[in-house]
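We will walk from one stop to the next, and at each one you will know what to pick.

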Amino acid sequence: MIQWFKDLWEGFWTVLVGMKITWRHLFTQKVTLQYPEEKWQLPPKSRMRLFMAYEDCIGCGQCARACPVQCIYIKAEKRDAKAPAIYAANGQPIKLDVSVFDIDMSLCCYCNLCTYPCPTNCIYMTPEYEFASTDLTNHLYHFAKTNAKFLTVNPKAAAKPAAPAAAPAAPKATPPAGGTPPAPPAGAPPAPAGGAPPAPAGA
């Protein structure tokens, strides 16, 4: 009989404890986000889906080497020496033809390590996070394309050197105090050493 009363009191007490928590949260401000009608504003450096600007890729493969899960696949070949020169957006020449550049986002761990060694900053993480899918093959992105339009002129070519500035005029010599006598005319006898005029004849 005593055990029955203990069990009854324990059941009643647990209901009171649960209702206490319920009533306490009933009058507090809601924190539930009504997604997808409402969305949180992500921080500026959020790490979400990767993107690669194919026209700026030089095929160096540094991003693939930095990836800890090997989710980036690159295949590049040397361009024909007779092909016209093409450049990335930062002015770096592109010397390799990238025929395959795939990223498997189903393997990506969103570490952002692949973006740091890229010399042209062509691979980066976007704030796009709504790309869920029931088929994993939809997470394999192919960025290589045959109709890419590359820059044929270096966008950061060195500007032409400016014309040399005119040399400053030489400063005029300042005459000493007392003035300087004018130069004697051509054919005139030189002045004596003492600077005094010659004595007249018969003096």
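Start by selecting Leu50, Met52, Ile72, Phe101, Ile103, Met105 and Ile123: they have the most contacts inside the largest nonpolar core, which has 24 residues. Such a core is a set of buried Ala, Val, Leu, Ile, Met, Phe, Trp, Tyr and Cys residues joined through side-chain atoms within 4.5 Å, where buried means under 20% relative accessible area with a 1.4 Å probe, protein chains only. In soluble globular proteins, nonpolar side chains tend to be buried together.

This is a predicted model, in which local features need pLDDT of at least 70 and side-chain atom pairs count only at pLDDT 80 or more, while totals for chains, interfaces and linings use all residues. Residues are numbered from 1 along each chain as its sequence is written, and side-chain values use heavy atoms, with hydrogens and water left out.

Which elements each supply at least two residues of the core? Colour strand 1, helix 2 (62-66), strand 3 and strand 4 (123-125) to see them. Helices (H or I, at least four residues) and strands (E, at least two) are DSSP runs, numbered from the N terminus. Strand 3 gives the largest share, three residues.

Stay with strand 3 (residues 96-104), which runs antiparallel to strand 2 (residues 72-78) and is joined to it by seven bridges. Two strands pair if DSSP finds at least two bridges between them. Click Glu77 and look across to its bridge partner, Asp97. Strand 3 also pairs with strand 5 (residues 140-142), again antiparallel, over three bridges; there, Ile103 has Tyr141 as its partner.

Next, select Met105. Among the residues it touches are Met48, Leu50, Phe131 and Tyr141, leaving aside residues up to four places away in sequence; contact means heavy atoms within 4.5 Å. Now move to Met48, in the loop between helix 1 (2-26) and strand 1 (50-52). The C-alpha atoms of Met48 and Met105 are 9.7 Å apart, although 57 residues separate the two along the chain.

How many cavities of 30 Å³ or more does a search of the whole structure find? There are two. Of its 13 lining residues, select Cys57, Cys60, Cys63, Cys118 and Cys122, the closest to its centre. The second largest cavity has a volume of about 50 Å³, and of the 13 residues lining it, Cys67, Cys71, Cys108, Cys111 and Cys114 are the closest to its centre. On a 1 Å grid over the protein atoms alone, a cavity is a set of points where a 1.4 Å probe fits but cannot get out, and lining residues have an atom within 4 Å of a point. Grid points are joined across faces, edges and corners, and a volume is the space filled by probe spheres set on them.

How values were computed:
On a 1 Å grid over the protein atoms alone, a cavity is a set of points where a 1.4 Å probe fits but cannot get out, and a pocket is an open set with protein on both sides within 12 Å along at least five of seven lines; lining residues have an atom within 4 Å of a point. Buried means under 20% relative accessible area, exposed over 50%, partly exposed in between (1.4 Å probe, protein chains only).
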